[in-house]
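This briefing covers how one protein chain is put together. Please look over the sequence and the structure before reading the points.

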Amino acid sequence: MAVRRFNYEFDGVHYYRFSVYRLGSNVQTVYAYVVDDLLIDTAQSHNQENILLVAEQHKLNKIILTHHHEDHSGNVSLLMDVLNVDAYAHPETVRILKRGYKVSPLAQFISGGVMSAHLKPLLETDIVETAHHRLQPIYTPGHCTDHYCYYEKERGWLFSGDLYVADKIKYFANFESLLTQIESLKKLVALDFDVLFCAHNPKTVGGKQRLRNKLQFFEDFAGQVEKYYRQGHNARQIFALMGMKENYLNKYLTFGNFCAENMVHSVVKDLRKMDKMK
Ligand SMILES: [Fe+2]
């Protein structure tokens, strides 16, 4: 297995890129950030040796996670043991990791598994303090139900986990909610920041504009889906009417868990729920 690590530094924040290669192709890249003695996310377990090298270079006293997914939590149990430090996350992340969860065979192949771990819960009112910084957890569901971004107001930084990733999204996991992500993105663009320390695609300038771009893309997309839904079309028909193209390799390798059509399904599912509540 080929794994690689690269390191960067911006404004005193050290960040590390952890990639996994299969048959010579990069199949996953994720970043972990070091702010003073704090580590934000822990990379995939396939990059265990590399994150241990990072831990050797910093005096880490605390870990926080953006959410429970295996490319963020893959080494949290190991690091807590090796460094003898506590890790903190959203209460739902704490619950999921305490019980432990089995990743899919494909996720195991790409990222590796996740060991159960006893984290401590962080509330939105709990400020994470380091020697020079104060980070506020911002609850931002939509990608998953346990997602936190971390906001450093004084410096205008946002550690955004998996909420951004790209301006335009082509595929969705079946657990994601597009309409919930819109609400989370609205919450974030109301904050004052420019640096987006994204877990897959960091933007050290113009970060808020990137979130605005994604918000606009999602609002346009949801508006189109709703228009066709109100005309009586189902998700599959809407997918065709919108001229969307499926990536069948993604769809079949993930048994339909990660594909383009899920974007339409997500909006239709939420619209149905909202209609029932009226
Ligand atoms: Fe994720």
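The model is predicted. The domain assignment of the protein chain gives domain 1 (1-122) and domain 2 (162-278).

**Domains and their contact**

- Between the C-alpha centres of domain 1 and domain 2 the distance is 25 Å.
- Domain 1 puts 13 residues into the contact, and domain 2 puts in eight residues.
- On the side of domain 1 that touches domain 2, strand 2 (13-22) and strand 3 (25-35) are the elements that give two or more residues.
- Strand 3 gives the most to this side, with four residues.
- By class, this side of domain 1 has seven nonpolar, five polar and one charged residues.

**Nonpolar core**

- The largest nonpolar core has 63 residues.
- It draws at least three residues from each of domain 1 (1-122) and domain 2 (162-278).
- The residues with the most contacts inside this core are A32, Y33, I40, I64, L158 and F197.
- Leaving aside residues up to four places away in sequence, F197 touches V13, Y15, Y33, W157, L158, F159, S160 and P202.

**Helix 6 and helix 7**

- Helix 6 (residues 178-189) and helix 7 (residues 207-230) have axes that come within 10 Å and cross at roughly 145 degrees.
- The crossing of helix 6 past helix 7 is left-handed.
- Helix 6 makes the contact through L178, L179, Q181, I182, L185, K186, L188 and V189, and helix 7 through K208, L211, R212, K214, L215, F218, E219 and A222.
- Sorted by class, the contact has 10 nonpolar, one polar and five charged residues.

**L179 in helix 6**

- L179 lies in helix 6.
- L179 counts as partly exposed because it has 19 C-beta neighbours inside 10 Å, and a buried residue needs 20 or more.
- L179 and F218 are 39 residues apart along the chain, and their C-alpha atoms are separated by 8.0 Å.
- Not counting residues up to four places away in sequence, L179 touches A222, V267 and D270.

**Helix 3**

- In helix 3 (residues 76-83), the buried residues are V76, S77 and L79.
- These buried residues pack against helix 1 (48-57), strand 5 (62-64), helix 2 (70-73) and strand 6 (86-89).

Conventions
Residues numbered from 1 in each chain as written. Predicted model: local features only at pLDDT ≥ 70, side-chain atom pairs only at ≥ 80, totals over all residues. Axes fitted to C-alpha atoms, helices over the stretch in contact; angles between N-to-C directions. Left-handed = near helix turned anticlockwise from the far one by under 90°. Contact = placed C-beta atoms within 7 Å. Nonpolar A, V, L, I, M, F, W, Y, C, P; charged D, E, K, R; others polar. Core = buried A, V, L, I, M, F, W, Y, C linked by C-beta atoms within 7 Å. Buried ≥ 20, exposed ≤ 12 C-beta atoms within 10 Å, placed from the backbone. Domains from an automatic or database assignment.
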